[in-house]
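Subject: A structure for you to explore

Hi,

Here is the structure I promised to pass on to you. Have a look at it first, and then read my notes below.

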Amino acid sequence: MTEETGAQQPDDLVERVVNLCKRRGFIFPSAEIYGGFRSTYDYGPLGALLLRNVKDAWWRAMVQRRDDVVALDAAILSAPKIWEASGHLSNFTDPLVDCRNCHERWRADKIEGQCPNCGSTDLTEARAFNLMFKTFAGPVEEDATVAYLRPETAQGMFVNFVNVLQTTRKKPPFGIAQVGKSFRNEITPQNFVFRTREFEQMEMEYFVRPADAQKWFDYWLDERFRWYLDLGIPPDKLRLRHHEADELSHYSAATADVEFLFPWGWDELEGIANRTDFDLKAHSAASGEKLEYFDQASGERYVPYVIEPAAGATRTMMAFLLAAYDEDEVGGEKRTVLHLDPRLAPYQAAVLPLSKNDALVPLSREVLGQLQPICMCDFDVTQSIGKRYRRQDEVGTPFCVTVDFESLEDGAVTVRERDTTAQVRVPIDTLAAEIGGRLGR
Ligand code: GAP
């Protein structure tokens, strides 16, 4: 519940959001007809749209609106040599303990010496458990055919560094950005889509002169923090946290996390790291290829440092849902509403003929045809208009466009705004421009 209503967040906010996600087709447990499959999820009709909008918002900010960042879409299935060189085969581990009493397995650093299942403190010694998913490329299952599902998208950018340099003629500072699936065999996936074994990342590797690394690290902290605020995360639910030296990943000289205040406490949305020249040097040594930059103007040759903003798309989508969820009253009636930024909402507009009347539906379809080129629209003719407004509020649709009998006379429609429920009459001729303008398009 929002600050505007003065109400507190409900204690069971996660449960309410999970229920909404299931009920309205945002997120379904995967393989549900078979009883589900190990904390994996499928994104339904509305979730697929919301997730796409999160990724598009990231892409616009990180690639489209810049001339110093280029795109990449690298393979998910990848060679063991990449992960050997990157250090993931030896270092990408979590400490695993077994409970000797109930035989559940846990991440040692998350349970403070006590089994969360049965309460026993009789746990085994922690041992390093590698999080990479291993598979075989081709029909023969032997060492020579081992492949890994990537646990981060980042390595695709490092191993293509020279390809990108040669084909784009970019020079530092410049970045390579990628959005895509990553896989980690998490010991304890938890909190809905917060931690899953299959998830989506939005990562950018920004290659800079080593002497400029600190400057760019600070720059990206600032940029990335503002991105969440701009898309509607309330400032009191967002913070930056710098890692202590003993928390740093094996490749990092400095890392700060953008954290969101989840119902269970502050937790990470994104890590911004100074990866130094660790990855380029490691791949250079392992492959024998020179992964460096030669500045023809100055005659300078160096291995760039890398500043990496690495965000989770699926996790961030959950944060946007939690931040947007609200229950308030409209006209004495309770409603659930998602105050999603219009750029993130699954539908930006819903076209609603007041009734199924033969005369209204064709005009409503005309209105729909005018809006579809500029935004994602729903078209709903079922149930009363009040119920349809509630349904659109609940999935975060910022604008409902109602076509009524007067529309046949005056060529205008009613536009209702989700958060205020204010209604204005807009001529159909200028509707697309009006909605487009309100969406900032
Ligand atoms: N390339 C650096 C890297 O992968 P990370 O902090 O391990 O860094 C980046 O991951 C982001 O990916 C995290 O901040 C988080 O948002 C997301 N992420 C990581 N593991 C995840 C998981 N198991 N489920 C969902 N999202 C995850």
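Two strands count as paired if DSSP finds at least two bridges between them. Helices (H or I, at least four residues) and strands (E, at least two) are DSSP runs, numbered from the N terminus. Please keep in mind that this is a predicted model: local features need pLDDT of at least 70, side-chain atom pairs count only at pLDDT 80 or more, and totals for chains, interfaces and linings use all residues. Residues are numbered from 1 along each chain as its sequence is written, and side-chain values use heavy atoms, with hydrogens and water left out.

Let's start with a sheet of three strands. This open sheet has the order β6-β5-β7, and its pairing is antiparallel. At its edges are β6 (105-107) and β7 (127-130), each pairing on one side only. Strand β5 (residues 93-98) is joined to β7 by four bridges, and Leu96 stands opposite Arg127 in β7.

Next comes Met132, in the loop between β7 and β8 (133-136). Is Met132 buried or exposed? Met132 has a relative accessible area of 7%, so it is buried (buried means under 20%, exposed over 50%, partly exposed in between, with a 1.4 Å probe and protein chains only). Leaving out residues up to four places away in sequence, Met132 touches Trp83, His88, Leu89, Phe92, Tyr148 and Pro151 (contact means heavy atoms within 4.5 Å). Met132 and Leu89 are 43 residues apart in sequence, yet their C-alpha atoms are 7.7 Å apart in space.

Now for another sheet. Five strands form an open sheet with mixed pairing, in the order β21-β20-β22-β23-β24. The edge strands here are β21 (377-379) and β24 (423-427), and each pairs on one side only. Strands β22 (residues 399-403) and β23 (residues 412-417) run antiparallel and are joined by four bridges. Cys400 stands opposite Arg416 in β23.

Last, look at Arg315, which sits in helix α9 (residues 313-324). Arg315 is buried but has no salt bridge (a side-chain nitrogen of Lys or Arg within 4 Å of a carboxyl oxygen of Asp or Glu). The nearest side chain of opposite charge, Glu268, is 4.7 Å away; Lys and Arg count as positive and Asp and Glu as negative, while His and the chain ends are not counted. A polar atom of the Arg315 side chain lies 2.8 Å from the backbone oxygen of Phe194.

Enjoy exploring!

Best wishes

Methods:
A polar contact is a pair of N or O atoms within 3.5 Å; within protein, one must be able to donate a hydrogen and the other to accept it, and residues adjacent in sequence count only if both atoms are side-chain atoms.
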